[in-house]
Amino acid sequence: MKDLNFNADKVLAKEFLSNFADANGEAKYMNILQEVANHKIRAVQIDLEDLFNYKDLDEEFLRRVTENTRRYIGIFACAIDELLPEPTEAFHDDDHDILMTQRAEDGTNNADGSDPHQKMPPEIKRYFEVYIRAPSKGRPFTIREVKASYIGQLVRISGIVTRCSDVKPLMQVAVYTCEECGYEIYQDVTARVFMPLFECPSKRCSVNRTKGNLILQLRASKFLKFQEAKIQELAEHVPKGHIPRSMTVHFRGEMTRKVAPGDVVELSGIFLPIPYTGFRAMRAGLVADTYLEAMSVTHFKKKYEEYELRGDEEEQITRLAEDGDIYNKLARSLAPEIYGHEDVKKALLLLLVGAPHRKLKDGMKIRGDLHICLMGDPGVAKSQLLKHIINVAPRGVYTTGRGSSGVGLTAAVQKDPVTNEMVLEGGALVLADMGICAIDEFDKMDESDRTAIHEVMEQQTVSIAKAGITTSLNARTAILAAANPAWGRYDLRRTPAENINLPPALLSRFDLLWLILDRADMDSDLEMARHVVYVHQNKESPALGFTPLEPSVLRAYISAARRLSPFVPKELEEYIATAYCSIRQEEAKSNTPHSYTTVRTLLSILRISAALARLRFSETVAQSDVDEALRLMQMSKFSLYSDDRQKSGLDAISDIYSILRDEAARANKMDVSYAHALNWISRKGYSEAQLKECLEEYAALNVWQIHPHTFDIRFIDA
């Protein structure tokens, strides 16, 4: 191996920075340096892809940068020092600039040139930080694959962030002043710990033989923002029978505050060793620890607020929004491999979209997140739906009833291993803040643990008073729960209340409680079996008549929809109030009510209507949205209604006739429009084809007349 000439490499770095042109022919890095000179930005990111595509590429130089990255960051920083242009815009002087001006003036009279401690280190003059970013080609490493051969090299790792420390200042250059000679002494700090200087090393003090006392000047020292995080392997990368590995990551400067616990990220950085310090060093002996010095952070799923739509995505969303059938298309694109459940998927789509949060003047909040509970027989794909929704949502946490305690869901008080203080560790509901928390096997949770969810579902906070910590954490999360009925399967001989087996206080908090019963039906069972066999053979869903949208497109569409905040117009107030009253009346008349209707149900109708308006990119809620919300509420208990009708001996046609007659009598009208008729019967779970059959059959009996074009109904008064 030939001797490395770092000066020659600095010349190469300067050439690259000054001559590299991007696809548009602009000097990319010189533009960045101009921004740095104007104090607009601090971070200078050097892409290795740019170095790879550089016309005068020296491949050896690229290899050296990749394998000895820490050293080459310093070389690039020195090159930038020499290349930095003059500022073109005026900016306010901060403390750092004033100190630097003063040092420049004092520098001439106190530098006797002999002492290295008196030379001002280049780090203290720099306003910028250099990051070298790994190319994004190829698959990132798992934590298990990063071994000793990668020490000092630039690596790319994917994983999930499990903990994050606060951002603290980390000393980079310590500055002292001597009480005797008045000189400024500089000390570079490269490790996590350093030994402060006590005696003045300047020439004057050594000649006079006075051991000058040094005072550390915190104001003049240079500090960097520093944050420590732990990253853990993703579940799919862990081999059989192993537990996930974790690695410490250090973020410095502009890289801090980029990640939060629960984020799935891809990091590029330098893999470095670090000796243990303090008491841990005595215990560890010769063993050293390793960490990753982060250079760039990429999030796999962006939050809805951070979504920036590219040009082609905006066009695609505009095209989708103009499509009249977008509601059905989006719903059918959710888990297309799962057969049927069209209305359940519509409800889950609305759960992803949500309604706007309302904050009143007196500080009271009304939640906008929808909560849905899927209660059904075994084998109706509840857990699969939950898993799919977690994949689509940008922030989702999946837990099961038996596997999580009340503390695991809300927050636990733990001892911090670094500082030995008592700290709060957020549980699943806190991690899913502004996202979705899916809880499977909801019925198998202990009663004491389930009470922890009550507060989160309505107030959307987690209040804690433990170990001297009294606080309230945000948990603005939408809860999606899946449960089995009380006896494993739904028992039709018992009342719905006995079957559901959840306390009314919890049930009233769910906007939709969806009962999915597994009934033996020749036609639907055949269709379903064909669908399942097809998916097994081809590993994809059968043709839906359109191309299902990718999860990334769904996320982009939902993020655009969530920016709207629809309101209910005056003319719909009476309509919604009447609909709510009629639901209460029906429940009061029934011997075995299927649902538990409270004022929360009214809020649920408003929330679902607002979510539907968001999907249409509309600022106001329309009557069709309210009708669809009411229809979804009726359909959630559809499998029970159909059974009630069979018991009462009414066939579908007779039942439709009785519905229309009752509604007409209630409104005291002889004329019923076709649209109203369709709305009434669809709420009870009947189709348009059945309505038309009923109209023809009873028109033949001369019970009513039908308009030949509009299909409006006029009762013949007997």
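Residues are classed as buried under 20% relative accessible area, as exposed over 50% and as partly exposed in between, with a 1.4 Å probe and protein chains only. The structure is a predicted model, in which local features need pLDDT of at least 70 and side-chain atom pairs count only at pLDDT 80 or more, while totals for chains, interfaces and linings use all residues. Residues are numbered from 1 along each chain as its sequence is written, and side-chain values use heavy atoms, with hydrogens and water left out.

The protein chain contains 27 helices and 24 strands, where helices (H or I, at least four residues) and strands (E, at least two) are DSSP runs numbered from the N terminus. The radius of gyration of the protein chain is 34 Å, whereas a compact globule of 718 residues would have a value near 27 Å. This quantity is taken over C-alpha atoms, and the globule rule is 2.2 Å times the number of residues to the power 0.38. The C-alpha trace spans about 125 × 60 × 55 Å along its principal axes. Of the 718 residues, 44% are buried. Contacts are defined by heavy atoms within 4.5 Å; among those between residues at least 6 apart in sequence, 71% join residues at least 24 apart.

Two helix pairs were examined, with axes given as lines fitted to C-alpha atoms, for helices over the stretch in contact, and with angles running from 0 to 180 degrees between N-to-C directions. Angles under 35 degrees count as roughly parallel, over 145 as roughly antiparallel, 65 to 115 as roughly perpendicular and the rest as oblique. The axes of H23 (residues 623–635) and H26 (residues 674–683) come within 8 Å and cross at roughly 30°, which makes H23 roughly parallel to H26. H23 contributes Asp627, Leu630, Arg631, Gln634 and Met635 to the contact, and H26 contributes Asn679, Ser682 and Arg683. By class, this contact of H23 with H26 has two nonpolar, three polar and three charged residues. In this scheme Ala, Val, Leu, Ile, Met, Phe, Trp, Tyr, Cys and Pro count as nonpolar, Asp, Glu, Lys and Arg as charged, and the others, Gly among them, as polar.

In the second pair, the axes of H25 (residues 652–667) and H27 come within 9 Å and cross at roughly 80°, so H25 and H27 are roughly perpendicular to each other. Residues in this contact include Ile653, Ile656, Tyr657 and Leu660 of H25 and Leu691, Cys694, Leu695 and Tyr698 of H27. The contact of H25 with H27 has nine nonpolar, two polar and two charged residues.

Gly685 lies in the loop between H26 and H27 (688–700) and is buried, at 18% relative accessibility. Lys415, in strand S15 (residues 411–415), is exposed at 57% relative accessibility. The C-alpha atoms of Lys415 and Met195, 220 residues apart along the chain, are separated by 29 Å.

The structure holds zero disulfides, a disulfide being a pair of cysteine sulfur atoms within 2.5 Å. Cys178 is in no disulfide, and its nearest cysteine sulfur, that of Cys181, is 3.5 Å away. Cys178 is buried, with a relative accessible area of 5%. For Cys373, the closest cysteine sulfur, in Cys437, is 13 Å away, too far for a bond. Cys373 is buried, with a relative accessible area of 0%.
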